[in-house]
Amino acid sequence: MISSCPICNVQVLTAELQWHANAHFDDDQLQTDMELAHQIALTQSTPNPLLLDTHQECNNLFAGDPHAQGASSSIAGSSSLQGSVLDEQVSCLLQAQLRSNVQEIQGGVMNLLRACLESEAGSSTSMISGHVDHYQSLSSEDKGWGCGWRNIQMLSSHLLKQRPEAREALFGGSGFVPDIPSLQRWLEIAWDKKFDTLGSSHFHNKVYGAKKWIGTTECAALLRSFGLRARVVDFDSTESSGPHSKNGKHAPKRVQGPMDKFLIKNVSPTSTSSELCREDAENMRGQQVLVDWIWNYFASRHSDNSDSSRRVLVSDKTPLYFQHQGHSRTIVGIQKQNGQRGNQDRFTLLILDPGHRTSDLERALRSKTGWQRLVKRGVHTLRKPQYQLCYVDPGIASSEEMEQLKTIDSILVRF
């Protein structure tokens, strides 16, 4: 006999109904169950015919190739037709885009983090971003491939809240963070507008509906298409990290793919112990270069200049999209523990990870128990040979600057 669960409406065997219902109150199972119930509710609900028509219209518009449609026309006519198609795509997406679901944290995750940092013992100074919402990867949506999109959502949540000019420009002035499919559409529009043409070729100019990893260059192209001054910084310790200029120095390097450069391991399994020791020393120097840059980044602009004695200062800088081999996260701040008796200062990155559950993060921060394990990352954990960061400078680019922003050049930092 089949019965319906009174909590999630899932059909289960009557003999297993009590066990199933009780399982909803198991913290480890609750998130998965709620996601499943949400999916079932979506499939059982009566669809809005107007919304379906809008989505179908958008799908038809994006299915066409704006470049190919004007192939037989003159150059001027082709450009005009392409612009018309792009305008239609933007107009349609403004109606069809959906707000991304995010678990609201009362008081805000950054205020909770600030309280935890202020309550710690010892002598330390922390620099943190302003408002940031935590977006987690969900097993029903993007587990295993969506971390890049979740970091874009976290960065966008900051821009929408902290920067009025960005709120007016981003996502057609909608004022909210779109879901991943909508972000994928916006990225395709950015590519059609000739932002990061080299990077877009990696995806054949199509990313909607694909479970593909993206990186800092895609984040920068997406944000730049709205006129935001997104920048990419490349930290690289590999000898073949980029071209050389005529004077023999490393020139700023073009990042050519979302994760291409992170797929090669640079440590040979036959390395001798002396080579490994030398590599460890080089890693330590590289780690320090990276954290020094991050500290200076957050410290360069903060709103608490009048009170340098405070242990936690709120920076005016955006969070950092932080990419490395196999994963990406969002750096929302950095902590410096003052060295004692001649010892060097110690730095710790403060990170929001899309792979963590928002409920676990909130519980740890609110109870001030175990939050360090979820948020703090010591310098000793930075063992990758290559890292990339993406951040956003203030203001909106002029039309002349927009043309320059279409090429995604990174700032190369060698270590």
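This report describes the fold, cores, strand pairing and selected residues of a predicted model.

## Overall architecture

The secondary structure of the protein chain consists of 14 helices and 11 strands. The chain has 415 residues, of which 49% count as buried. Among contacts with a separation of 6 or more, 72% are made by residues 24 or more positions apart.

## Nonpolar cores

In soluble globular proteins, nonpolar side chains tend to be buried together. In this model the largest nonpolar core has 65 residues. The residues with the most contacts inside this core are Trp149, Leu170, Leu223 and Leu365. Helix 8, which spans residues 180-192, gives the most to the core, with seven residues. Another core, of 23 residues, lies apart from the largest one, and Val291, Leu320, Val379 and Tyr387 are among its members.

## Strand 7 and its partners

Strand 7 covers residues 327-337, and nine of its 11 residues are buried, so the strand is largely enclosed by the rest of the structure. Strand 7 pairs in the antiparallel sense with strand 3 (residues 124-128) over five bridges. Within this pairing, Gln335 of strand 7 is the bridge partner of Ser126. Gln335 also stands opposite Thr348 in strand 8. Strand 8 (residues 346-352) runs antiparallel to strand 7, and seven bridges join the two.

Strand 6 (residues 320-324) likewise pairs with strand 7 in the antiparallel sense, over five bridges. Here Tyr321 stands opposite Thr330 in strand 7. Strand 6 and strand 7 form a hairpin with two residues between the strands, in which Gly326 takes a positive phi near 85 degrees.

## Helix 12

Helix 12 comprises residues 358-367. Its buried residues are Thr358, Ser359, Leu361, Glu362, Ala364 and Leu365. One of these, Leu365, is also among the residues with the most contacts inside the largest nonpolar core. The cover over the buried residues of helix 12 includes helix 5 (109-119), strand 8 and helix 13 (371-375).

Just after helix 12, Lys368 takes a positive phi of about 55 degrees.

## Loop residues with positive phi

Most residues other than glycine have a negative phi. Phe171 has a positive phi, near 55 degrees, although it is not a glycine. Phe171 lies in the loop between helix 7 (164-169) and helix 8. Its relative accessible area is 0%, and Phe171 is therefore buried.

Asp196 likewise has a positive phi near 55 degrees in a residue other than glycine. Asp196 is found in the loop between helix 8 and helix 9 (197-201). Because its relative accessible area is 1%, Asp196 counts as buried.

The side chain of Ser225 reaches the backbone oxygen of Leu222 at 2.6 Å. Not counting residues up to four places away in sequence, Ser225 touches Ala190, Lys193, Phe195 and Met402.

## Cysteines

How many disulfides does a search of the whole structure find? The search finds zero. The sulfur of Cys219 is 3.9 Å from the closest cysteine sulfur, which belongs to Cys390, so this pair is too far apart for a bond. The limit for a disulfide is a sulfur pair within 2.5 Å.

Cys219 is buried, with a relative accessible area of 1%. Cys147 is buried as well, with a relative accessible area of 12%.

Definitions and conventions:
Residues are numbered from 1 along each chain as its sequence is written. This is a predicted model: local features need pLDDT of at least 70, side-chain atom pairs count only at pLDDT 80 or more; totals for chains, interfaces and linings use all residues. Side-chain values use heavy atoms; hydrogens and water are left out. A nonpolar core is a set of buried Ala, Val, Leu, Ile, Met, Phe, Trp, Tyr and Cys residues joined through side-chain atoms within 4.5 Å. Buried means under 20% relative accessible area, exposed over 50%, partly exposed in between (1.4 Å probe, protein chains only). Helices (H or I, at least four residues) and strands (E, at least two) are DSSP runs, numbered from the N terminus. Contact means heavy atoms within 4.5 Å. Two strands pair if DSSP finds at least two bridges between them. A polar contact is a pair of N or O atoms within 3.5 Å; within protein, one must be able to donate a hydrogen and the other to accept it, and residues adjacent in sequence count only if both atoms are side-chain atoms.
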